[in-house]
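Subject: Structure handover

Hello,

I am passing this structure on to you. Please have it open while you read the notes below.

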Amino acid sequence: MQRLFAYALTAAIGIAGIQADAAAADPHLTPDTSAALDRISADSLRGHLSFIASDLLEGRGTPSRGQDLAAEYIAAQFRRAGLEAVGDDGYFQTAHWKFAETNLKDFSFQLDAGKEKLSIPANLLSFSLAQSLTLAPSAIVKIEASDAAALDAQSAATLAGKVVVTNLPDFNAMPHEQAMTAYKGWQAYGAKLAKLHPALLLIVDRVHPAGDAGGSGRLIDPESGGETVSTVPRMTIHSTQAIQALDALGADGGARVSVHVAAPVERAVKLRNVIGVLRGSDPVLKDTYVMVTAHYDHLGIKGGKIYNGANDDGSGTVSVMEIAGALAGMKQRPARSIVFMTVFGEELGLFGSRYYGRHPILPIKQTVADVNLEQVGRTDSSEGPQLNNASMTGFDFSDVGAVFQKAGKLTGINVYKNEANSDFYFGKSDNQALADQGVPAHTLCVAYEYPDYHGPGDHWEKVDYANMAKVDRMVALGVLMIANDPVAPKWNTANALTKPYVEAWTRQSGQ
Ligand SMILES: [Zn+2]
């Protein structure tokens, strides 16, 4: 799950008894269904996640060998469950993209502030550049994002060949509303600057003491014009010494910046969504699909540390595998088909799910719902303990929330609308890509934020497996309820926030 700016043991004693009582009372819990839910095991989930989130997989960055290993493991589990392979390469849907590797050959960044001449190493800078960047000593101009008048006073002529220096607003230190306003202002500032074409935007970051030195590089999606970075080259400076030297200058204090960053080295990469289908049993409804998704990528290695992403989103990934295995063993298959898919590149911007949205393997207009699983393993939410609790994003955007709420009642999980987060997080995970195509799609999660969220300490040992197994039984039942209902879920047209999705659904269904 993605944060707002740029950039977390209970025994199931007694539950078997509750299920047995409910089974007697509710037609959804047939003996076959109850047996399937019982196959979802805490030990099995722990086993899968201890591999998916092991150091060997190096944080499953997009792209990486660790991610490829994870994909192969997920495919192996789909194969074991006997799912139908519907990808272009068995269980894989392959995206042929490019990766532009950062090139630090002959890197230099010099700040000449009169008496101080500083040479800044790459690790005290952060950048993502589309091309090489070479600046002969260039004058700087300080313009804060909050100072609209100062920017309005400039033109393409006055900024030609110059380096604009500005402070990065500390969004995380601001109250929520103020942060939203400041963030919009920051985006508007970038858009205005893009029209004035300065030689470089140099952003001063006083919060983070180190940079990413260009990171490993960046992905290029050939379908989005190949470019994902801004047209004005941007670098962020973290060097305390350099920041002090810049602070000592006036608005136009005669300092100069010179830079050389070599062109990135491009190579072809294969990125994979992993997809398998449990074919339905109804002669007509088997050609309609309920999706269960999760993202199997995480942040990879940063600054020499492995970000294992056990909860984000190893937990969703292993849940998809476990639910697939449990439902595949049913004597009576559900009426509709169920699609199990794990996607790449969520952490970089929902890349894998958006790729699927543009290249659906199964017709979108026959896809009736998607439940996307994120952060379902840890119960130590920043909002307090979340035992037997699961929240759905966009809870009242469609009928799906109510179905899972009912499945929760039958399995001992409180499925609820989180008033603070439900709507806000709707667009922050892979359900968004399917919602944009018109499919009623939601993310189900246990903890929106938790200690170790996007940190190197998100380890598999910290997950509550008994609770995760219970949540997964609820998910499996909810999915079966949709798969066995001849009436497909619908968007809630009374909620104004669903308007774009209703329009997309109308387009897809040709109505
Ligand atoms: Zn996530």
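Predicted model: local features only at pLDDT ≥ 70, side-chain atom pairs only at ≥ 80, totals over all residues.

Residues are numbered from 1 along each chain as its sequence is written, and side-chain values use heavy atoms, with hydrogens and water left out.

Domains

The protein chain is split into domain 1 (15-98 + 269-509) and domain 2 (103-263); these bounds come from an automatic or database domain assignment. Between the C-alpha centres of domain 1 and domain 2 there are 39 Å. Contact, meaning heavy atoms within 4.5 Å, links 13 residues of domain 1 with 8 residues of domain 2.

The size of an interface is often given as the accessible area lost when the parts come together. Here about 740 Å² is buried between domain 1 and domain 2, with carbon and sulfur atoms giving 65% of that area. The figure is the accessible area (1.4 Å probe) that the two parts lose on being put together, summed over both.

There are 2 salt bridges between domain 1 and domain 2, a salt bridge being a side-chain nitrogen of Lys or Arg within 4 Å of a carboxyl oxygen of Asp or Glu. The side chains of R358 and D221 also form a salt bridge, at 3.1 Å from N to O. On the side of domain 1 that touches domain 2, the elements that give two or more residues are β2 (92-101), β12 (265-278) and α10 (351-358). Helices (H or I, at least four residues) and strands (E, at least two) are DSSP runs, numbered from the N terminus.

Two residues

G408 lies in helix α11, which spans residues 400-411. G408 counts as buried because its relative accessibility is 1%, where buried means under 20% relative accessible area, exposed over 50%, and partly exposed in between (1.4 Å probe, protein chains only). Apart from its neighbours within four places in sequence, G408 is in contact with I413, V415 and M474. From G408 to L246 the separation is 162 residues in sequence and 57 Å in space, C-alpha to C-alpha.

N421 sits in the loop between β21 (414-416) and α12 (431-435). N421 is buried too, with a relative accessible area of 14%. Setting aside neighbours within four places in sequence, N421 is in contact with E383 and Y448.

Regards
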